[in-house]
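Reader: Please take a close look at one part, the place where the two chains meet, and describe it with the cut-offs behind each term.

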Amino acid sequence: MPSNLHWTDKFRIERFVRSVDGHLGDLPGKVRSGHRGDLRANLTAASADGGSRAAIARMGSPRALALEFLEAEYGHSTRRPSWLMAIAFFFATYLLLDSLLQTGTAAFASGLTTADPQITGDYRWAAIPYLLSHVSMSFADGRPRRHSWGSVDAAHLPDNARRCVPRRPLVASAAPVAPPGDNRLIAAHAGLRGNTLTSRCITVHGDRHAFFCCPS
Amino acid sequence: MSTSHDPQLLKGVLSVLLLKLLAERESYGYELVQRLHALGLPSIADSTIYPALARLEREARVAARLVASRSGPARKYYRPTPAGYDALAEGTAAWRSLVAVVELALRPPTPVHPAPPAEDN
């Protein structure tokens, strides 16, 4: 839309809008964009009344205004979603898990050398399920030569999750209708879908068939 | 009337005022600022009204739509939703009740000196 404002006024308004927006980093992008547009339109309208300087001066501090917008979105609570906190939490978790794995690996090596001070060969620790698949260590005359960590199971989590989510029920002709309240195991139906499933994963709840396919 | 008003007092009643103004006429942010100033509330800052509108929108008490403007970017016009009308009715009733009580307390003339404390028994 064309604006009657001089480019310096537009620049001043844009600088103020961006300054407020800089403090709104924890808001969802769509909400931020809405605030930017609304603020720009209101400041443009206000500038037509008495100039952009006065309009911006009436707005007060960009930081205070941003805090008001944050309060409007999240209330007075100090517990707001925050990217900074998310990053801090990620690194703290990483350090904690790393420390846990280092301690576990050291304990494994210590256990082996205690059992046999002259231990030689390759040894494998099952590590921590869902976090680290295994730790392999090589010893020569009781001294660890090298160790390697197996792939992190977290990489496989999406695949595991996909296999564990409820599946669509069998077609009506293939799935027997159980009386309401009957919760039975139907092992036979595992084969109908061609899955390698354990029978405990398939249940019939009343007349609704709930199939939870877990890795066997 | 151009006396200044306590911003905290105004903040408490701002939502009701905004809903009332929007119930009378769909408006965008700066237009509401002007309307409030014209009502005799020049001390209400622009920076108070825009977040208040954002809060009302988040609470689904007002709905917004963008309207193209010939003098700048598209403006966001607000109007009350059914929940907004309910909130307006409740807020109006609460305000009137408060005013009645406060008025009752403030009506007697203020004595020059306070009376001595009442005896315990």
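Author: **The interface of chain B and chain A**

In this predicted model, 23 residues of chain B are in contact with 22 residues of chain A, where contact means heavy atoms within 4.5 Å. Residues are numbered from 1 along each chain as its sequence is written, while chains are lettered from A in the order in which they are written. Local features need pLDDT of at least 70, side-chain atom pairs count only at pLDDT 80 or more, and totals for chains, interfaces and linings use all residues, with side-chain values resting on heavy atoms and with hydrogens and water left out.

Between them, chain B and chain A bury about 2000 Å², 55% of it on carbon and sulfur atoms; buried area is the accessible area (1.4 Å probe) that two parts lose on being put together, summed over both. On the side of chain B, the residues that lose the most area to chain A are Tyr30(B), Tyr50(B) and Arg58(B), which together account for 26% of what that side buries.

Turning to polar links, eight residue pairs are in polar contact between chain B and chain A, both residues being at pLDDT 80 or more; such a contact is a pair of N or O atoms within 3.5 Å, in which, within protein, one must be able to donate a hydrogen and the other to accept it, and residues adjacent in sequence count only if both atoms are side-chain atoms.

The elements giving two or more residues to the side of chain B that touches chain A are α2 (29–39), α3 (46–58), β1 (62–69) and β2 (72–80) of chain B, helices (H or I, at least four residues) and strands (E, at least two) being DSSP runs numbered from the N terminus. Of these, α3(B) gives the most, with seven residues.

Across this interface the rule finds one salt bridge, a side-chain nitrogen of Lys or Arg within 4 Å of a carboxyl oxygen of Asp or Glu. Arg58(A) and Asp46(B) meet through their side chains in a salt bridge (3.5 Å, N to O).
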